[in-house]
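Please consult the sequence and the model while reading.

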Amino acid sequence: MAKIFCVANQKGGVGKTTTTVNLSAGLAKLNQRVLLVDLDPQGNATMGAGINKAGLAASTYEVLLGSADVASARQRSESGRFDVLPANRELAGAEVEMVELDNREKRLKDALALVDQDYDFILIDCPPALSMLTLNGLCAAHGVIIPMQCEYYALEGLSDLVNTIKKVHANLNQDLKIIGLLRVMFDPRMTLSQQVSAQLEQHFGDKVFKTIIPRNVRLAEAPSYGMPGVSFDPSSKGAQAYIAFGAEMVARIKTM
Ligand code: ATP
Ligand code: MG
């Protein structure tokens with residue numbers, strides 16, 4: 001049975017997609033079978049995995065609305081060696097169209113149940129909002145990975161996310177927990193980064209992943225080549241960090 005994780009933070013541009021794509025590729029390097037679900041109409045994870053988001057025959061949109069199943073909509077990321085349920089801007093329409101449907105928060109969960117046996121990990125890239133799409137992600141998942149930058153405003157908004165996760169846990173998905181906070185785009189030369197990082201460890205203890213993802217330009221360049229950073233430049237510091245994070249996740253699920 002696959003372990004399913006949402007990569008979520010309603011703040012924009014904090015490294016959700018970079019984390020989802022590179023953790024997928026890192027886990028694939030560790031011989032894990034991975035499905036990446038793009039749950040963001042921006043389709044950044046789809047592109048970053050090397051799949052053209054224009055003119056998809058089937059996508060997360062069709063899966064949520066029930067006109068396609070995951071098995072027929074998924075594609076292979078050749079560069080990352082994982083499967084992708086791709087998305088594009090059409091997915092924005094699902095937000096509105098799902099309102100009419102029964103069981104609307106659990107449509108992704110039900111769709112993923114049919115391919116559960118094919119994977120060790122299913123990673124869901126959430127949009128920067130606490131929307132019906134994100135709610136579908138949270139209802140489908142066993143846990144949430146929260147990427148954050150170690151900056152002054154990092155903790156602002158975290159309480160909204162934590163409260164949403166608590167509500168979903170109480171009302172919709174008892175399996176859901178916060179797996180951990182992932183420090184990303186870390187710059188060890190900045191005193192502020194060091195301070196915020198130490199504060200996070202103090203406040204959240206075990207809930208802070210040991211692995212720290214550094215700011216690394218190779219991770220930012222890779223999407224323009226349609227490749228995860230982990231495959232684009234495997235020896236770069238960013239790639240190495242995501243591979244280490246993959247190993248930390250493999251170890252973590254053994255204790256879940
Ligand atoms: P959105 O909220 O729009 O979905 P996001 O949270 O998914 O954004 P990303 O798209 O992953 O964030 O990252 C935002 C920008 O920061 C991108 O340009 C990405 O290439 C860059 N970036 C992410 N992580 C790193 C890193 N470790 N080092 C350097 N650049 C990074
Ligand atoms: Mg994103």
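## Salt bridges

Arg 218, Glu 221 and Asp 233 are joined in a network of salt bridges, a salt bridge being a side-chain nitrogen of Lys or Arg within 4 Å of a carboxyl oxygen of Asp or Glu. The model is predicted, with local features needing pLDDT of at least 70, side-chain atom pairs pLDDT 80 or more, and totals for chains, interfaces and linings using all residues. Residues are numbered from 1 along each chain as its sequence is written, chains are lettered from A and ligands numbered from 1 in the order in which they are written, and side-chain values use heavy atoms, without hydrogens and water.

Between Asp 233 and Arg 218, the closest N and O atoms are 2.8 Å apart. This pair links distant parts of the chain, 15 residues apart: Asp 233 lies in the loop between α11 (229-232) and α12, and Arg 218 in helix α10 (residues 217-221). Helices (H or I, at least four residues) and strands (E, at least two) are DSSP runs, numbered from the N terminus. Asp 233 is buried, at 16% relative accessible area, whereas Arg 218 is partly exposed, at 31%; buried means under 20%, exposed over 50%, and partly exposed in between (1.4 Å probe, protein chains only).

The structure holds eight salt bridges. Among them is the one between Arg 33 and Asp 120, at 3.2 Å from N to O, whose partners stand 87 residues apart.

## Aromatic pairs

Four aromatic pairs are found in the whole structure. Rings of Phe, Tyr and Trp (its six-membered ring) pair if their centres lie within 6.5 Å, and count as stacked with planes under 30 degrees apart, as edge-to-face over 60, and otherwise as tilted. The ring centres of Phe 209 and Phe 245 are 4.8 Å apart and the planes stand at 75°, so this pair is edge-to-face. Phe 209 belongs to strand β8 (residues 208-214) and Phe 245 to helix α12 (residues 237-254). Phe 209 is buried, at 0% relative accessibility, and Phe 245 is buried, with a relative accessible area of 0%.

## Ligand 1

Around ligand 1 there are 18 residues, of which Gly 13, Lys 16, Thr 17, Thr 18 and Asn 216 come nearest; a residue is counted if one of its heavy atoms lies within 4 Å. A polar side-chain atom of Thr 18 is 2.6 Å from an oxygen atom of the ligand. A polar backbone atom of Pro 214 lies 3.0 Å from a nitrogen atom of ligand 1.

Technical notes: A polar contact is a pair of N or O atoms within 3.5 Å; within protein, one must be able to donate a hydrogen and the other to accept it, and residues adjacent in sequence count only if both atoms are side-chain atoms.
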